[in-house]
Amino acid sequence: MYDAGGTVYWITGLSGAGKTTLARAVVAALRARGRFALLLDGDALRAILGRDKDGFEADARRELARTYGRLAAALAAQGADAVCATISMFADVRAWNRANNPAYVEVYLDVPLAERARRDPKGLYAAATADMAGIDSSVEPPVDPDLTFGPEMPVAEAAARVLDFARARGWA
């Protein structure tokens, strides 16, 4: 659908997995290399798009994830590196991303519930909110991501591995 210019870095995992932290590190590393990199954080995008008050039912989440994917693809087509940190619950959304972004890196942060609950940066696990992805709402975890990191992976090393992966393909 879009011509490659930039790269889409799709960082997915459940709440508290470290998506935004890793995305910020990837953006910083890309900028240090002179790349035009933009951070697309799922929570910030939800607010920017006026969807922060919407429900969290599956259809609304799927449509919002598709919007994130189309936005990331459009930015990459214009030469920007789009680094998207999002729960990305649906396999069909990730499949669309891969099919429509010639330069696409999918990173899955596979962090156990106990560690995510310990981190709980937004207080979601403590509040036990309804429709929480991975708790009350089912999630289709990536089956074949390009890279998978657990909680033991230092952020700087994970960011370096993400860029190494992209560079090996001529994208970074």
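Author: Let's start with Arg98, which is partly exposed at 34% relative accessibility; that label covers everything between buried (under 20% relative accessible area) and exposed (over 50%), using a 1.4 Å probe and protein chains only. Before going on, bear in mind that this is a predicted model, where local features need pLDDT of at least 70, side-chain atom pairs count only at pLDDT 80 or more, and totals for chains, interfaces and linings use all residues. Residues are numbered from 1 along each chain as its sequence is written, and side-chain values use heavy atoms, with hydrogens and water left out.

Now, the partner: Arg98 and Asp146 meet through their side chains in a salt bridge, 3.3 Å from N to O. By salt bridge I mean a side-chain nitrogen of Lys or Arg within 4 Å of a carboxyl oxygen of Asp or Glu. Arg98 belongs to helix α4 while Asp146 is in the loop between α6 (124-127) and β5 (147-149), so the pair ties together parts that are 48 residues apart in sequence. Helices here are DSSP runs of H or I with at least four residues, strands are E runs of at least two, and both are numbered from the N terminus. Asp146 is partly exposed too, at 23%.

Helix α4 has another charged link. Asp92 forms a salt bridge with Arg66, their closest N and O atoms being 3.0 Å apart. Since Arg66 lies in helix α3 (residues 58-77) and Asp92 in helix α4 (residues 91-100), this pair ties together parts that are 26 residues apart in sequence. Relative accessibility is 33% for Arg66 and 32% for Asp92.

Follow Arg66 and you land in a network of salt bridges linking Arg62, Glu63, Arg66, Arg70 and Asp92. One of its pairs is Arg70 with Glu63, where the closest N and O atoms are 3.2 Å apart. Arg70 is partly exposed at 35%, and Glu63 is partly exposed at 31%. Across the whole structure, the search finds 9 salt bridges.

And what does α4 lie against? The helix lies across β1 (8-12) and β4, running at about 150 degrees to β4. Contact means heavy atoms within 4.5 Å, while axes are lines fitted to C-alpha atoms (for helices, over the stretch in contact), with angles from 0 to 180 degrees between N-to-C directions. Those strands belong to an open, parallel sheet of 5 strands, in the order β2-β3-β1-β4-β5; two strands pair if DSSP finds at least two bridges between them.
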